[in-house]
Amino acid sequence: MLTISTATTNSTWRSREDNTLPIGGRTMSTSSWTTMSMAENADTESIFFSSLNPLAPISIVMIHVLLSSHLEWAHCWPQLSEYHLLIPDLPQHSRSKHVGPFSFVLAADHIARMIREHAHDGRAHVVGLSTGGFVAMELIRRHPDVVLSAFVSNAVPLTEAWKNLSSSPRISYLGLSVLLHSPKSLLFKATGWAPEFQNDQLLKEIKRNNTSRLYEAGARETYNWSRDDMVEVGKKDIRIALVVGGKQDNVEGTREMGQLLTSLGSKAGKESRAFVVKDAIHGWNLQYPVVFARGIRAWIEKHPLPQGFEPLEPPKPPGPPV
């Protein structure tokens, strides 16, 4: 693999004010990796990825949504500078266009290879949103040995209403295409993408990736993801945070799947939990990236999740009749 590396120093990327951080239950100095280093792979047989902070001792993989790119995480990764970050472009997306056709299985297999070859000790915490979340689930199902824990948002089986919408992906694709080429003000209002986190380069990548072939493949994969698939994931006994945006997504389905994962775990998996961020949209890493990153850190370090993450507990049984 040909690796192209550049290093820059930027103190604003530091997420803490002092020089020590609690990493894996211990305090470590960050002085050895305060210089942000980014490496990019150029292997024509593998997916593209960026590697940030490679001297940090714990690796995190961050997986983007359908049609997006690794640039989606540009406002989250500065908040996680104490970790080694591996941030890929999924197959058939942006700088991984040469790898395809897109499927959850293909993406999971490539990410597993990336983790084995580039993550510390060949294992990583995995973060995924929407399509990236489903890929994270497929990674756990197929390659649980490379996953330390998972923080997954908006990636549970579709409701019947969403399945009906996904059953006609061409219509959805045409609607998205119109929206992407509408005035930016309309696009950002419709998606909830926060103005201060808008990124022209990311928007260009989304437009380039927006092909009917890729969109329909992603919609088909999501449509087919089922409760049985979640059962297989749960049996791998990985500690998973299921997070849902309260404004647009399947809160009750996430509550149910969180309970399912917990019930199937025997050790680490028993610690799986579900949460809702009530004001969050579907792609809320572009709405509240700092909160998103704080949630990742808290989950990895086994701390209580920050304010805004409300646990989705099992529904209370009905009380006695009055």
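**Notes on the predicted model**

1. Met 230 counts as buried because its relative accessibility is 0%; buried means under 20% relative accessible area, exposed over 50% and partly exposed in between, with a 1.4 Å probe and protein chains only. The model is a predicted one, in which local features need pLDDT of at least 70 and side-chain atom pairs count only at pLDDT 80 or more, while totals for chains, interfaces and linings use all residues. Residues are numbered from 1 along each chain as its sequence is written, and side-chain values use heavy atoms, with hydrogens and water left out.

2. Met 230 is found in helix H8; helices (H or I, at least four residues) and strands (E, at least two) are DSSP runs numbered from the N terminus. Residues up to four places away in sequence aside, Met 230 touches Met 137, Pro 157, Trp 225, Leu 242, Met 257, Leu 260, Leu 261 and Leu 264, contact meaning heavy atoms within 4.5 Å.

3. Helix H8 (residues 227-234) and helix H9 (residues 251-264) have axes that come within 8 Å and cross at roughly 40°. Axes here are lines fitted to C-alpha atoms, for helices over the stretch in contact, with angles from 0 to 180 degrees between N-to-C directions. On the H8 side the contact is made by Arg 227, Met 230, Val 231, Val 233 and Gly 234, and on the H9 side by Glu 256, Met 257, Leu 260, Leu 261 and Leu 264.

4. Of the 12 residues of H2, 11 are buried, among them Val 135, Met 137 and Leu 139.

5. The largest nonpolar core has 59 residues, of which Ile 111, Ile 115, Leu 139, Ile 240 and Leu 242 touch the most other members. Such a core is a set of buried Ala, Val, Leu, Ile, Met, Phe, Trp, Tyr and Cys residues joined through side-chain atoms within 4.5 Å. Helix H1 (residues 104-118) gives the largest share of this core, seven residues. Beyond its neighbours within four places in sequence, Ile 111 is in contact with residues including Val 135 and Leu 139.

6. The chain comes to 10 helices and 12 strands, and 53% of its 322 residues count as buried.
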